[in-house]
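Subject: Structure handover

Hi,

Here is the structure for you to open. My notes on the side chains follow below.

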Amino acid sequence: MVASAAMRLSFPEPSIALLTLDLPGKGANVLSQRVLEELAGHLDTLESRQDLAGLVIGSGKPGQFIAGADLREFLASMGTPNMESFTFEMCRRGQRLFARLSQVPFVTVAAIDGICVGGGAELASWCDRRVMASGPRTQFGFPEVKLGLYPGWGGTARAPRIVGLSGSIEMIAGGESIGAAEALKMGWASDVVASDNLLPAAFRLIQLERASGQYLRDRVATSGPIKMSETELSFLGITASAFVQQQSKGAYPAPVAALEQILAGSRVSSEEACVQEAKGMARLFGTPINQALLNIFFLTDRNKKDLGIDLSAPVSNATVPDIRTLSVLGAGIMGAGIAAAHLKRELPTWMSDTNPEALERGCRNVLDEVAFQKETKRKDVDQAIRLAAKFQGTTHLELLAKSDLVIEAVVENEQVKRQVYSTIEPYLGEQTILASNTSTIPISRLAIGLKNPQQFCGIHFFNPVRKMKLVEVIRGEHTSDTCVAAAVKYTKAIGKMPVVVKDGPGFLVNRLLLPYMDEAAKLLEEGVSIEALDKAAKAFGMPMGPIELYDMVGLDTAVFAGKVLCDAFPDRFSGSPIVPALVAAGRLGCKNGIGFYSYRNKKQRREPDPGIAGLLTPFVKQTPSNKAGGGMKKEALTERLFLPMVTEASRVLQERLVRDPRDVDLGLIFGIGFPPFRGGLLFWADTLGAAKLVEMLKPYAHLGPRYQPNELFLDLARTGKKFYECYGSAAG
Ligand code: NAD
């Protein structure tokens with residue numbers, strides 16, 4: 001056996017070579033330049049062997065084939081002189097290397113067990129055949145569009161030659177991965193077998209291919225253009241283009257570029273298609289959108305590794321308790337959502353409520369929710385029945401003492417919450433963690449009177465719990481490191497993305513949402529139309545405009561939450577009288593069918609409401625700026641809406657509310673849908689630069705402190721440093 005750093009070469013049978021990829025010390029196999037060089041070296045050795053029947057490429061990491069190209073290398077190459085030609089060459093080198101897998105004088109087979117995406121899927125597509133392990137961990141796909149790119153190592157040329165044009169377009173332009181069964185159906189996989197049978201199946205396949213010679217005929221067929229009439233091609237182009245435009249929403253160029261490349265590449269030889277692909281990839285690589293989306297990749301990657309506490313804390317992942325049993329107090333919207341998220345892991349769950357009817361309704365909602373199948377979007381009743389055995393609704397608090405974690409999600413009232421704690425605390429075990437899902441009440445205030453405040457924290461889920469990945473873990477004054485780390489570990493275990501935030505009004509996400517929402521209402525007072533505001537925010541990339549968001553959150557809730565924050569930061573936010581006036585007029589938003597917009601039509605779709613103008617008029621200020629406000633340009637509206645968010649974020653950083661500036665971006669992208677193609681609020685601010693932003697703020701300074709940069713902001717402007725560089729946690 002020849003040993004090497006990232007790959008092991010062995011010969012399980014005299015005529016079969018096995019290359020096992022296993023990057024030492026790494027959790028995942030990624031294709032760095034060094035790994036590619038190693039592969040080239042092995043191919044050099046094997047190519048000359050006339051006695052070989054085949055080569056199998058496998059992985060030494062269970063559940064992991066290849067996670068893709070090394071993105072840190074990508075990042076490091078940003079800003080290289082002559083980026084376009086650098087990228088073109090990088091792609092061509094990869095393509096030429098992988099192409100050797102379909103030219104060597106023996107059969108090549110990728111034996112895939114686990115994740116096989118991006119560059120890994122490209123390597124596998126250049127092999128003559130692929131065998132895959134059955135089971136949910138095998139995932140095959142091309143997620144490059146999610147980074148603002150498309151496959152650049154021959155994926156756009158190979159895929160349509162293996163599984164046809166429409167399947168490739170859907171996979172490459174859509175960016176979603178498929179499982180082994182789907183891969184078999186599409187023609188990616190020749191065989192799907194149990195994981196422990198993967199290598200024997202690959203060896204068998206080699207013998208079959210050698211006997212039939214089919215792989216040689218396929219090599220010839222896949223090197224030429226794809227056989228398809230012009231009419232078929234143009235029909236496919238039109239339908240696929242509609243699908244892709246809808247996916248890319250006009251803001252993401254990569255899916256469109258992928259579609260165009262797959263179609264253009266289908267008319268020429270595979271080699272020519274690769275050259276075109278490399279040229280196109282060079283145009284996408286390093287663009288602002290690519291950089292922003294790469295940033296999000298690294299934000300989420302960092303989050304996965306972050307324990308939620310400083311590395312100097314005497315707590316390690318091994319010593320952080322696992323949460324297995326959960327009790328939820330309050331069976332309302334949030335309580336039921338949280339209970340269901342836990343129960344889906346097939347672990348014991350209890351839920352209680354003082355109101356028996358609410359409890360019954362909540363229990364039904366929990367079972368309904370656990371029956372929901374993400375993949376099929378259908379309900380699996382058998383699953384609900386099976387999980388019901390592990391779930392209990394109760395009004396007996398002593399049952400709750402059995403659980404590792406108790407999450408309180410009762411009404412947003414400080415007295416009620418405190419009362420609940422004093423009733424339940426005597427029943428709780430020494431190690432049990434008590435957490436509140438409050439959205440506005442400071443955790444340290446709720447902790448007053450608790451005997452064990454170090455075991456108490458905030459775990460703030462967002463609504464709807466199933467869809468929203470973000471969770472804020474709030475560290476109160478007395479919360480222990482172990483408690484924070486356990487909450488972080490737990491929320492990750494149920495598939496969420498926790499951001500640890502220091503206690504404070506509105507915590508992180510709602511505090512940063514306030515400037516945006518409050519400014520929108522103020523702009524209405526300046527005569528800007530509802531439609532102009534929503535349009536400007538959506539043009540910036542927000543999933544919905546601020547006025548639409550008011551309706552969705554509920555105007556009564558917005559008044560309540562807004563008051564907490566306005567009271568906390570009176571120098572910056574005053575709260576517009578418009579929203580309370582609408583509530584007084586019985587307009588609560590989507591929930592009762594009428595808010596700023598009307599939803600009182602058959603499909604409950606949003607539509608302009610002629611009645612709103614009369615309600616707004618008394619609040620529109622008759623000032624000289626009124627006229628200007630009414631006709632304000634989209635760019636000015638964007639500045640008015642988003643600059644106060646940046647100044648507030650800078651205050652958040654100065655207060656060290658989050659452990660790393662990147663948490664601000666993670667929170668806003670996954671909490672309010674801040675446009676991913678901008679990379680996050682602070683990433684966006686950093687691309688403009690603090691000095692430029694200070695200049696942009698100047699014309700608005702008369703509007704008050706919300707448009708005035710704080711010390712940290714001015715310091716960054718002076719030194720030229722980035723928000724991302726102002727401080728950081730060890731997980732960075
Ligand atoms: P909800 O009104 O739907 O449910 C609250 C439930 O608590 C009701 O069923 C009520 O009967 C029950 N309850 C009241 N007093 C109780 C007591 N003493 N003991 C046990 N149960 C009691 O409210 P919700 O929207 O689920 O909100 C719950 C908590 O989650 C609040 O703190 C809220 O701020 C927070 N939150 C809500 C949202 C949201 O969008 N709804 C989002 C994030 C956080």
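Which residues do ring pairs link into a cluster? They are Tyr516, Phe540, Phe642, Phe674 and Trp684.

Before the details, some ground rules. This is a predicted model, where local features need pLDDT of at least 70, side-chain atom pairs count only at pLDDT 80 or more, and totals for chains, interfaces and linings use all residues. Residues are numbered from 1 along each chain as its sequence is written, and side-chain values use heavy atoms, with hydrogens and water left out.

Aromatic pairs

Rings of Phe, Tyr and Trp (its six-membered ring) pair if their centres lie within 6.5 Å; planes under 30 degrees apart are stacked, over 60 edge-to-face, and the rest tilted. The count by this rule is 17 aromatic pairs. Tyr516 and Phe642 make a tilted pair, 5.3 Å centre to centre with 35 degrees between the planes. Tyr516 sits in helix α20 (residues 509–525) and Phe642 in helix α27 (residues 634–654), so the pair links distant parts of the chain, 126 residues apart. Helices (H or I, at least four residues) and strands (E, at least two) are DSSP runs, numbered from the N terminus. Tyr516 and Phe642 are both buried. Buried means under 20% relative accessible area, exposed over 50%, and partly exposed in between (1.4 Å probe, protein chains only).

Phe540 and Phe674 have ring centres 5.8 Å apart and planes at 70 degrees, so this pair is edge-to-face. Phe540 is in helix α21 (residues 530–540), and Phe674 is in the loop between α28 (661–672) and α29 (681–688). Phe540 is buried at 4% relative accessible area. Phe674 is buried too, at 0%.

Salt bridges

A salt bridge here is a side-chain nitrogen of Lys or Arg within 4 Å of a carboxyl oxygen of Asp or Glu. There are 47 salt bridges by this rule. One of them joins Asp660 and Arg662 at 2.8 Å, N to O. Asp660 is buried, at 1% relative accessible area; Arg662 is partly exposed, at 22%.

Arg572 bridges to Asp571, with the closest N and O atoms 3.3 Å apart. Arg572 is buried at 8%, while Asp571 is partly exposed at 44%.

Asp368 lies in helix α15 (residues 356–371) and Lys379 in strand β14 (residues 378–379), so the pair ties together parts 11 residues apart in sequence.

Best wishes
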